Amino acid sequence: MASRLLRPLPRLKPLNRLQVILQHLKKSKHTDSTAEVLLENRGGAGIITLNRPKALNALNFPMIKQIYPQIKTWEQDPETFLIIIKGTGGKAFCAGGDIKAIADAGKVGDRLTQDFFREEYILNNAIGTCKKPYVALIDGITMGGGVGLSVHGHFRVATEKTLFAMPETAIGLFPDVGGGYFLPRLSGKIGYFLALTGFRLKGRDVLKAGIATHFVESEKLPALEKDLIALKSPSTENIADLLNSYHMKAMNKMSPTSLKMSLRQLREGASMSLQEVFTMEYRLSQACMRGHDFYEGVRAVLVDKDQSPRWKPASLEEVSDEFVDDCFKPLGNNDLKL
């Protein structure tokens, strides 16, 4: 009986614990706060965090080599339902590729000049063809290589802090990372303008240009990320529904009456002369002076500065077509005469 007690089998338990600890340490290297990229699973989400805040999260070669295989792994993992990418530091999502390192390498004939672009474009393509929903939280500076990490994904969420540009022509390069694909597909010729001038778009303009798919206030991003992670078996459709709900919350800061009035103003103004537009706009100005929302908006934004206007009506659904029609009616002898 005593010999049985001395059998080595129970000694495996400490070894098992050691194996668990070693496996945990191996995994945790990806979430080391000093690493340039943090890779982690939370719920059903794979999360990529660009972690070079002092360099505005500029993308370097080692970061590319970490991100690409992880995306491919998550793409095949039945436990991972979506991928989220974001930046740390509060100033930038990703300010671009580490161009200085590439220039230094080129001066001495280093292979980095070939390897960086090859691997970066392979990563950009993996994002553009990813089978899992890919959500980029482009809060802050998003330029060059940072655009490549975001614009080809399913969802790009801009904030009031977003600063977008493709500034490559200013450094003797060209708008790469798939610029030849997404820029000419933007509405009108704005993509050509952005490519040739390096012009910077800010905040909501990134959404209006078609680069972002949604707009959310920066302070709401932690809550959005939490809600994304909490989705049960998220699909492209229910991720879109969640993003739309946050997007509409941002839009709800606007007066519902002003939104409906402004939409009709633009639709009618498209076929009017300049003088007809001024006549129409004078009628609208007087409708605003008769109403509630102008005074409430000035109070909330400029007087009390609580940024919490109480609109009446409070929703788009409550603003009737009849009410909007009344705003556009002629004012008789009080109409603007030009």
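Student: What kind of crossing does H3 make as H3 passes H5?

Tutor: H3 passes H5 in a left-handed crossing. That label is used if the near helix is turned anticlockwise from the far one by less than a right angle, and right-handed is the clockwise case. One caution before we go on: this is a predicted model, where local features need pLDDT of at least 70, side-chain atom pairs count only at pLDDT 80 or more, and totals for chains, interfaces and linings use all residues. Residues are numbered from 1 along each chain as its sequence is written, and side-chain values use heavy atoms, with hydrogens and water left out.

Student: What makes H3 roughly parallel to H5?

Tutor: Helix H3 (residues 61-76) and helix H5 (residues 112-128) pack at about 30°, with axes 10 Å apart. Angles under 35 degrees count as roughly parallel, over 145 as roughly antiparallel, 65 to 115 as roughly perpendicular and the rest as oblique, so H3 is roughly parallel to H5. The axes are lines fitted to C-alpha atoms, for helices over the stretch in contact, and angles run from 0 to 180 degrees between N-to-C directions.

Student: Which classes of residue make up the contact of H3 with H5?

Tutor: That contact has 11 nonpolar, no polar and 5 charged residues. Ala, Val, Leu, Ile, Met, Phe, Trp, Tyr, Cys and Pro count as nonpolar, Asp, Glu, Lys and Arg as charged, and the others, Gly among them, as polar. Contact means heavy atoms within 4.5 Å.

Student: How many helices and strands are there in the protein?

Tutor: There are 15 helices and 10 strands. They are DSSP runs, numbered from the N terminus: helices are H or I with at least four residues, strands are E with at least two.

Student: Why is one side of S1 and of S10 left without a neighbour in the sheet?

Tutor: The open sheet has 6 strands in the order S1-S2-S3-S5-S7-S10, with mixed pairing. Strand S1 (37-42) and strand S10 (214-215) stand at the edges, each with a single partner strand, so one side of each has no neighbour in the sheet.

Student: How do you know that S7 and S10 pair?

Tutor: Two strands pair if DSSP finds at least two bridges between them. Strand S7 (residues 155-158) and S10 have 2 bridges, in the parallel sense, and Phe215 in S10 is the bridge partner of Ala158. Helices come into the picture too: H3 packs on the sheet, touching S1, strand S2 (45-50), strand S3 (82-87) and strand S5 (134-138).

Student: Why does Leu56 count as partly exposed, and what does Asn57 count as?

Tutor: Buried means under 20% relative accessible area, exposed over 50%, and partly exposed in between, using a 1.4 Å probe and protein chains only. Leu56 has 27% relative accessibility, so Leu56 counts as partly exposed. Asn57 has 0%, so Asn57 counts as buried. Phi is near 55° for Leu56 and near 60° for Asn57.

Student: What makes Phe164 count as buried or exposed?

Tutor: Phe164, found in strand S8 (residues 163-165), has 2% relative accessibility, so Phe164 counts as buried. Leaving aside neighbours within four places in sequence, Phe164 is in contact with residues including Thr142, Phe182 and Leu201. Phe164 and Leu201 are 37 residues apart in sequence and 5.1 Å apart in space, C-alpha to C-alpha.
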